[in-house]
Amino acid sequence: MAQHYLNYFFPYSGDIAHFEISLTRAFFALLNLCPAVHAHLIEMVRDRNSELPAFFDLQPQSFGLALEVSSLDAAEGDAALVHLPGEGSPPAGPTNITQTDAGRRYDAVLTYDCGWAILFEAKIGVADRKDATTNIPHNLHGCVAKISWNELIEAIWRLIECGLLRDTEEKLARQFLEYVETKFEKLCPYSTLARCDGSVTRVGARCTQILRGIGPADGGRLDLGREVAARFAYLVYNSEKHFVALRLYPADTISQAQKLYTPRHVEDILRLRDLDRSSVDPNLHLAFANTNLVWTQVGMTLAEYLCLWLGRMPQHCQTAARDPEKSGFLTAFNDLVNSRLASDELDRTAFAQHFVTANRTRMNISPGVFAEYRWPLTEAEKLDNQGRFSSEVRARLLEALAAWGQSLPIPP
């Protein structure tokens, strides 16, 4: 586990829970030490509530901060309320305001000598996006300012990238982003590939975020649904060769192969292989139940491979061991070797380990295919900075799926 002994926002010993108050405390610590962040927050609130004075009119050199406040006796002047929801954009639509003198608890309160106070209510989880701004004080002015945590993080990035923070302030801001990444990973503070700075972990999180814009995804893997030729799509980063790749594994199981191998699909897969930056290769493997165990070395071209399985697929099914000597497995493997679908020298040892000497009575021969599209990292970063990489990934995914007659289960 990574240690963060020199990070201002991490404790030096032990750990802290992933509670929203921890994020609130960290953000206001950054605000207290970075006037540029403070000023930018005020401008974001004023964009949503014009009655709040400008930053310098608030006399920010002498502001006060309190956390988890249940009494507003110190804020008898004018007040503005900020609602900080979690992932994504703030909830749309107006917020109902009920003026009352009833007490309530606020996550944070900023007070200024000029008589203004800004009240903050922070929510992180998607389930907390509901309106949480009832029972607000009688001295509230204007509408409730809704600013998501993602917007605050984006604002901090803009200050960094525009060079508006001094050296120490920038270090603190980057430490805050590192803290968010570690403790509140769903907020994904490294929201473009360039911001990830080549970190495998951060690029991986960004890839998952991109896939989530297409459908249900986790760990860099997009679930395309059941009863299809390709169950998952992957967006991965190769840190050694510096590229990002979209990968699919159609026909990964026998049932998936039965959907893939039709004359039209074979023709379209060969056309997909010939497209710029696309590659398609055989991916034959031996499996038991849902676990792939041995990948064989195929000694034929992709066209030969697809045509061979196009002919075999209607009769292809699970292979049985038949007897204690596993003669069924041995016959099937020898057939693969004779058909140039496996290498006797390179594959037999692994085959024997997993099927001949192991206590298994069934073996699936899965005539899979591996399809990949690559972007050099520098190009992917440029596209992501322009807001175009997500749509590019989706377009390449649709292009690949169309080759075997599959579509996305989620509408665009």
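Two strands are said to pair if DSSP finds at least two bridges between them. Strands (E, at least two residues) and helices (H or I, at least four residues) are DSSP runs, numbered from the N terminus. This tour applies those terms to a predicted model, in which local features need pLDDT of at least 70, side-chain atom pairs count only at pLDDT 80 or more, and totals for chains, interfaces and linings use all residues. Residues are numbered from 1 along each chain as its sequence is written, and side-chain values use heavy atoms, with hydrogens and water left out.

**The whole chain**

Begin with the entire chain displayed. The secondary structure comprises 13 helices and 13 strands. Of the 412 residues, 48% count as buried, a term for a relative accessible area under 20%, whereas exposed means over 50% and partly exposed lies in between (1.4 Å probe, protein chains only).

**The five-stranded sheet**

Select β1 to β5. These five strands form an open sheet of mixed pairing, in the order β1-β3-β4-β2-β5. β1 (64-69) and β5 (145-146) stand at the edges with a single partner strand each, so one side of each has no neighbour in the sheet.

Next, select β1 together with strand β3 (residues 106-111). The two run antiparallel and are joined by five bridges. Within this pair, A66 is placed opposite V109 of β3.

**A residue in helix α4**

Move to E169, in helix α4 (residues 167-183). Is E169 buried or exposed? E169 counts as buried because its relative accessibility is 7%. Apart from neighbours within four places in sequence, E169 is in contact (heavy atoms within 4.5 Å) with L33, C34, P35, A36 and L164.

- Strand β9 (residues 243-248) runs antiparallel to β13, with six bridges between them; R247 stands opposite E372 in β13.
- β10 is also antiparallel to β13, and 10 bridges join the two; here S279 stands opposite E372 in β13.
- Strand β12 (residues 319-320) pairs with β13 in the antiparallel sense over two bridges; T319 has M363 as its bridge partner in β13.

Remain with strand β10 (residues 278-288) and select D281. With a relative accessible area of 38%, D281 is partly exposed. Beyond its neighbours within four places in sequence, D281 is in contact with L302, V369 and F370. For a distance to display, the C-alpha atoms of D281 and L306 are separated by 9.8 Å, although the residues are 25 apart along the chain.

**Two packed helices**

Finish with helix α10 (residues 327-338) and helix α11 (residues 344-356), whose axes come within 11 Å and cross at roughly 160°. That angle makes α10 roughly antiparallel to α11; angles over 145 degrees count as roughly antiparallel, under 35 as roughly parallel, 65 to 115 as roughly perpendicular and the rest as oblique. To show the contact, select F329, L330, F333, N334 and V337 of α10, with D344, D347, R348, F351, F355 and V356 of α11.

How values were computed:
Axes fitted to C-alpha atoms, helices over the stretch in contact; angles between N-to-C directions.
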